[in-house]
Amino acid sequence: MLIPCLACEARFAPDEYFGACSDYDRGLDLVSWTCPRCGNRDDLRVLPGELGFGCPRGGRFTVQVRVRVPGLRRRRGELRLDISLDASDWRVRTRVRQPA
Ligand SMILES: [Zn+2]
């Protein structure tokens, strides 16, 4: 199973793909992803069995494009998102923002 970058269409093994995730936004339920190939930044929602891409607007996020990743699971934590697929898992931490 290879997961594509929607910008450059490079395809990544899950370990490389999820290793490029950073900063889980619990409010919007999004992780940031930076393509290791083209450097494109995207926000995506990890869902059971798929990844959701779309655009945040007005404090909400609407999924417009779904990429199926059979077996993908997620668990939301207080300051992190745990992602698992097959026998592997990844933890995406929330970057703690200093209050203004
Ligand atoms: Zn790319």
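The following paragraphs lead through the fold of one protein chain, from its overall form to single residues.

The structure is a predicted model, in which local features need pLDDT of at least 70 and side-chain atom pairs count only at pLDDT 80 or more, while totals for chains, interfaces and linings use all residues. Residues are numbered from 1 along each chain as its sequence is written.

The protein chain contains one helix and 10 strands; helices (H or I, at least four residues) and strands (E, at least two) are DSSP runs, numbered from the N terminus. Read from the N terminus, the order of elements is β-β-α-β-β-β-β-β-β-β-β. The radius of gyration of the protein chain, 13 Å, is close to the 13 Å that the globule rule gives for 100 residues, so the chain is as compact as a globular protein of that length. Here the radius of gyration is taken over C-alpha atoms, and the globule rule is 2.2 Å times the number of residues to the power 0.38. The C-alpha trace spans about 40 × 30 × 20 Å along its principal axes.

Five strands form an open sheet in the order 3-4-5-6-7, with antiparallel pairing. Strand 3 (21-25) and strand 7 (60-68) are at the edges with a single partner strand each, so one side of each has no neighbour in the sheet. On average, neighbouring strands of this sheet are turned by 35 degrees against each other, direction ignored; the axes are lines fitted to C-alpha atoms, and angles run from 0 to 180 degrees between N-to-C directions. Two strands pair if DSSP finds at least two bridges between them. Strand 6 (residues 50-57) and strand 7 pair antiparallel over eight bridges, and Gly52 has Arg66 in strand 7 as its bridge partner.

Strand 9 and strand 10 (residues 88-93) also run antiparallel, joined by six bridges. Ile83 stands opposite Trp90 in strand 10. The hairpin of these strands has two residues between them, and Asp86 in this hairpin takes a positive phi near 55 degrees.

The interior comes next. A residue is buried if 20 or more other C-beta atoms, placed from the backbone, lie within 10 Å of its own, exposed if 12 or fewer, and partly exposed in between. Buried residues account for 18% of the 100 residues. A nonpolar core is a set of buried Ala, Val, Leu, Ile, Met, Phe, Trp, Tyr and Cys residues joined through C-beta atoms within 7 Å. The largest such core has 16 residues, of which Val31, Val46, Val69, Leu81, Ile83 and Val92 touch the most other members. Helix 1 (14-19), strand 4 (30-34) and strand 9 (80-85) each supply at least two residues of this core.

Contacts, defined by C-beta atoms within 7 Å, show how parts of the chain meet. Leaving out residues up to four places away in sequence, Val92 touches Cys21, Ser22, Tyr24, Val31, Arg80, Leu81 and Ile83. Leu72 is found in the loop between strand 7 and strand 8 (73-76), yet Leu72 is buried, with 21 other C-beta atoms within 10 Å. Beyond its neighbours within four places in sequence, Leu72 is in contact with Val46, Pro48, Gly49, Glu50 and Leu85.

Two further residues have a positive phi although neither is a glycine: Glu9, at about 70 degrees, and Asp23, at about 60 degrees. Glu9 lies in the loop between strand 1 (3-4) and strand 2 (11-12) and is exposed, with 9 other C-beta atoms within 10 Å. Asp23 lies in strand 3 and, with 17 C-beta neighbours inside 10 Å, counts as partly exposed.

Definitions and conventions:
Two residues are in contact if their C-beta atoms, placed from the backbone, lie within 7 Å.
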